[in-house]
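Subject: Structure for you to look at

Hello,

Here is the structure I promised to pass on. Please open it next to this email and follow along.

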Amino acid sequence: MVKDLPFEISEYTDRIHKIKQQMERAGVEVLLITDPANIHYLSGYDGWSFYVHQMLIVIIDEEQPLWIGRKQDANGARLTTWFHPDHLMPYPDDYVQSAEMHPMEFIADFLVQIGQSNRRIGVEMDSYYFTAKAMERLSAKMPNARFQDTTRLVNEVRMIKSDAEIEWMKKAGKIAEQAMKAGMDALAGGVRECDVAAAISYAQISGTPAFGGDYPAIVPLMPSGEKTSTPHLTWTDRPYQSGDTVIIELAGCCRRYHAPLARTAVIGHPSSKVKDLAEVVIEGLNTTLDAIRPGMTCEAVEAVWKSVIQQRGIWKDSRLGYSVGLNYPPDWGEHTASLRPGDRTVLKPNMTFHLIPGIWLDHYGVEMSETFVVTPTGCEVLSRFPRELFHRPIGPGFIRPLEESGA
């Protein structure tokens, strides 16, 4: 059987080796993984099945992990993982969303059967996909297990990407460029927010002639008008109005690797307040990117940004960015390092971050962002899109090509 894996099997086995080294350091003998990004990272498994319970089990003294999931997803695991078929363990559909049975009981019974229930077991306790009931059922079925929280164990290994992973992220960056251009091209007074979102989504999935796109972990975030005072609103069917400030935050996604990108536009002419704020954000973004070097800490990166905006009397109390890459809904972040005071994570080559110096004030906001990879001498952004406050036409009949509007 020919499998369409995004990486060579040797890369997967190298990842397993690194995970087992971390398990030894943490004193963990059995690792239970429920985060679909971590499952994919170690196995290649790729399916929209994370709405039901599924798990990857890494046993410290076993060569290959074990995939456990819903029976109807077992062929998906057979087609997308590099595992031997006898390492795929489906559970019957009776366990799915049942009030009487729980998939964790199936998993616990299996661990008892293979003699792993009395060991030191790591669990991703703060994963979106691992519930309180899941922990309760595992504990009840394996009373002699010694559980410990290993939420960040795989995520921290994922922070430093291989060169092959960086190539997928660079492709995602190209898709982000196309998607942002599609959004800016469609944006005009009188055009509905949902129609701009549709243009963006089409571009995200169609990708480029050389490679297609994947569904991103987050939908386009598109607050407009006073809603730009907050970052995480999506869209309505409201037509854009003259004078609206519009934020577009999106990501290109290729083989589950993300490159987020944000820009801000104004329908017509910006107010002096929005224009001034955009100048500060752009200056801070450019200065910070120019300063990034391997060996800096995350908090040192944030301090560069802070030194710029404080000279202009502006304060930002949210983080400046975060580690990003492989993921599934609901988030493209890796849940590890953050660019903020107190985070002393050291930047190393092939780490990737979403640098998002957005400022959201009480009644308006401006957001510009870049995804960058740390290089041996500095950093490289993954998308090439102008850093400016875009002016879009006041009516749909006056839409100009993006190239003519300075983009």
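Below is what I found, element by element.

First, a caution. This is a predicted model.

**The sheet**

Start with the open sheet. It has 6 strands, in the order β4-β3-β2-β1-β5-β6. The pairing is mixed. Which strands stand at the edges? They are β4 (88-91) and β6 (146-149). Each has a single partner strand, so one side of each is left without a neighbour in the sheet. On average, neighbouring strands are turned by 20° against each other, direction ignored.

Look next at one pair within the sheet. β1 covers residues 30-33 and β2 covers residues 55-59. These two strands pair in the antiparallel sense, over 4 bridges. Within the pair, V30 stands opposite I59 of β2.

A helix goes with this sheet. Helix α4 (residues 103-113) lies across β1, β2, β3 (66-70) and β4. The helix runs at about 135° to β4.

Between β4 and α4 there is a loop, and Q97 lies in it. Is Q97 buried or exposed? Its relative accessibility is 66%, so Q97 counts as exposed. Check its backbone too. Phi of Q97 is near 50°, a positive value in a residue other than glycine.

**The annotated domain**

UniProt lists residues 167-375 as "domain: Peptidase M24". The entry is unreviewed. In the model, this stretch is 32% helix and 21% strand. The C-alpha atoms at its ends are 13 Å apart.

**The helix pair**

Now turn to α9 and α10. Helix α9 spans residues 272-291, and helix α10 spans residues 298-310. They pack at an angle of about 145°. Their axes are 9 Å apart. The crossing of α9 past α10 is right-handed.

Which residues make the contact? From α9 come V280, V281, E283, G284, L285, T287, T288 and A291. From α10 come V301, V304, W305, V308 and I309. By type, the contact residues divide into 9 nonpolar, 3 polar and 1 charged.

**W235**

W235 sits in the loop between α8 (193-206) and β7 (245-254). Its relative accessibility is 32%, so W235 counts as partly exposed. What does W235 touch, leaving aside its neighbours within four places in sequence? The contacts are E193, C194, A197, V219, P220 and M222. Compare that with T208. W235 and T208 are 27 residues apart along the chain, and their C-alpha atoms are separated by 25 Å.

Two spots here deserve a look. Begin with the loop between β9 (321-324) and β10 (333-338), where P330 is placed. The peptide bond from P329 to P330 is cis. Its omega is near 15°.

Then move to H335, which lies in strand β10. Phi of H335 is near 65°. That is a positive value in a residue other than glycine. At 38% relative accessibility, H335 counts as partly exposed. The cut-off for exposed is over 50%, and buried means under 20%, so H335 falls in between.

**Where to click**

See the edge strands β4 and β6. See the contact of α9 with α10. See the cis bond from P329 to P330. Finish with the positive phi of Q97 and of H335.

Best wishes

How values were computed:
Residues are numbered from 1 along each chain as its sequence is written. This is a predicted model: local features need pLDDT of at least 70, side-chain atom pairs count only at pLDDT 80 or more; totals for chains, interfaces and linings use all residues. Side-chain values use heavy atoms; hydrogens and water are left out. Axes are lines fitted to C-alpha atoms, for helices over the stretch in contact, and angles run from 0 to 180 degrees between N-to-C directions. A crossing is left-handed if the near helix is turned anticlockwise from the far one by less than a right angle, and right-handed if clockwise. Contact means heavy atoms within 4.5 Å. Ala, Val, Leu, Ile, Met, Phe, Trp, Tyr, Cys and Pro count as nonpolar, Asp, Glu, Lys and Arg as charged, and the others, Gly among them, as polar. Two strands pair if DSSP finds at least two bridges between them. UniProt positions are given in the numbering used here, feature names are shortened, and annotations may be inferred rather than shown by experiment. Buried means under 20% relative accessible area, exposed over 50%, partly exposed in between (1.4 Å probe, protein chains only).
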